[in-house]
Amino acid sequence: MDSLSLREARRLALRAQGFGSPAKGGAGVAALYRQAARLGVLQIDSVNALVRSHYLPLFSRLGRYEFSDFDALAWGQGRSRQLYECWAHEASLVPAEVWTELRWRRELARQGVGIYRQLARFAVEQPQVVAQTLEAVVQRGPLGAGSLAKRADKAGPWWDWSPTKLALEWLFAAGEVTVAGRRGFERLYDLPERVLPATILAAPVPTPAAARRALLLRSARALGVATEIQLRDYFRLSPAEARQGIAELREEGSLQPIQVQGWSKLAYVADTPNPGRPVRAVALLSPFDSLVWQRGRTEQLFDFRYRLELYTPAPKRVYGYYVLPFLYRERLAARVDLRAERAQSRLAVHAVHLEPAGLDEEGREALAGQLRELADWLGLAEVQLHGPASVLQEALAPVRWSPRTATT
C-alpha cells in the first residue's frame with residue numbers, strides 16, 4: 001500500500017495502541033506488562049483528581065485490574081519489577097529495553113546538554129550539595145527529597161525545588177541515582193546497582209544513533225502510522241535526531257513512507273499496514289494517554305481538538321479541570337470532566353460534552369457503563385452527575401452498588 005484513507009489510518013492507530021483486542025475482562029500481571037511494553041512508555045503525572053495518570057492507560061485498554069499488580073511491576077522487588085522510571089516522553093515508566101535505549105540521554109544530562117542545561121549548571125555551581133546528597137543516598141538510600149531537606153533550605157527556581165531536590169533531580173537525570181520506589185507519590189532514590197537487575201546494568205549499550213533508531217521504530221509500532229513530528233514526539237527526540245534516524249530506517253527498509261488522506265505531511269509505517277475490521281473500542285482516556293499526547297495528531301485522526309485546562313483559571317475553562325476523552329468505537333465522541341470524591345465514596349461527573357456527531361442510545365449506555373466500571377475499579381460506591389451532565393441521566397439511572405475494595 002502506498003496510501004491510506006483516514007479511516008484506515010485511525011484503525012491502524014487504535015490497534016497499535018492496544019484498542020483492537022477482544023472485549024475487556026480484567027488483567028493479571030502478565031497482561032499488564034505486555035500492554036505496557038506494547039506502548040513502550042507510560043507517562044507519570046502528579047495530578048490526583050481522579051487517579052494517578054499512569055494507572056489509567058492500562059485500565060482503558062484492559063479493564064479492571066489490581067493496583068497492587070501494577071505497583072509490583074513499577075516499584076516491586078526482584079523479578080516482579082519490570083518497569084523503570086526515567087525521562088522518556090516526560091517523567092515515565094518504561095520496560096528495561098527502553099531504559100537501556102535511553103542511556104545516551106542520561107549522558108547528555110551529565111554533560112549539561114539541551115533541556116538539562118539548567119540542572120547541570122546547578123551541579124557545577126553547587127558541587128558540594130550534589131556530593132553530599134549522593135553520599136547520603138549511598139549511606140542511607142532509598143531516600144526521598146523530604147528526608148534530606150534542611151530547614152534552612154530555600155526554594156530554587158524550578159517549581160520551588162530546594163537545593164537537595166535539585167541535586168537529586170540532576171543525579172536522576174544523569175543516571176547516578178534511580179527511583180527505588182515511591183512513598184505516596186514521593187520518589188525514593190537509590191543507586192542503580194541496588195535497584196536495577198544486573199542483566200539490565202550489564203546489557204550492551206547501543207550507540208546514540210542506534211538507540212534513537214530503536215526508539216523511532218518503537219514509536220512507529222506503538223502509533224501504527226505517524227508523521228515525522230509524531231514519531232519524534234513519542235520519546236521527545238529533537239528534529240535533527242529524528243530526521244537522521246528516519247532516513248537510516250528508511251534506507252534499511254524498517255520504515256516505509258505512506259500517504260494518509262488529508263494529511264499534508266508524509267507518514268510512516270513500520271510494518272505492512274493492515275487496518276482490518278472496525279475497532280469496537282469503548283474507553284475513557286487519561287489526559288496523558290499516548291493515544292492523545294500529540295495534539296496535532298489527535299486533530300488529524302479524530303477531528304478532536306484537545307487541550308489540558310488543569311492550569312487554566314476556572315472562569316476561562318471551556319470543558320473543565322480534569323477532562324477525559326471518551327473513545328467510542330472509532331471516534332473520540334465526548335469529553336467527561338471527572339473527579340474522585342473519596343471522602344463521599346463517589347465518582348463525580350461534573351460535565352459531559354458531546355462532540356457534534358453526538359452519541360446514540362447505545363453510545364450513552366456504553367459511556368454510563370464505563371463510568372460505573374471506573375467507579376467500581378476505584379472503590380467508589382456511586383456515580384453522581386453534576387451540572388450539564390443530563391445527557392446521561394437515563395443511562396445512569398440513580399444506582400448504588402457495592403464496589404470492590406481498592407487502594408489507589
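How many residues lie between strand 12 and strand 13 in their hairpin, and which residue in the turn has a positive phi? The close-ups below take up this predicted model piece by piece, starting there.

**View 1. The hairpin of strands 12 and 13.** Four residues separate the two strands of this hairpin, and Ser 345 in the turn has a positive phi of about 55°. Strand 12 covers residues 331-341 and strand 13 covers residues 346-354; the two pair in the antiparallel sense over eight bridges. To find your way along the pair, look for Arg 339, whose bridge partner in strand 13 is Ala 348.

**View 2. Strand 13 beside strand 14.** Here strand 13 runs parallel to strand 14 (residues 382-385), and four bridges join them. Val 349 sits opposite Leu 385 of strand 14.

View 3. Gln 230 belongs to helix 13, which spans residues 228-234. With a relative accessible area of 3%, Gln 230 is buried, as this value is under the 20% cut-off. Leaving aside residues up to four places away in sequence, Gln 230 touches Leu 223, Val 225, Trp 263, Gln 294, Arg 297 and Gln 300.

**View 4. Where to read with care.** Across the protein the pLDDT averages 89, and 90% of the residues score at least 70. Residues 155-159 stay under 50, with ten contacts beyond four places in sequence in the model. Residues 398-408 are also below 50, and this stretch has 30 contacts beyond near neighbours in sequence.

Methods
Residues are numbered from 1 along each chain as its sequence is written. This is a predicted model: local features need pLDDT of at least 70, side-chain atom pairs count only at pLDDT 80 or more; totals for chains, interfaces and linings use all residues. Side-chain values use heavy atoms; hydrogens and water are left out. Buried means under 20% relative accessible area, exposed over 50%, partly exposed in between (1.4 Å probe, protein chains only). Contact means heavy atoms within 4.5 Å. Two strands pair if DSSP finds at least two bridges between them. pLDDT is the predictor's confidence in each residue, from 0 to 100.
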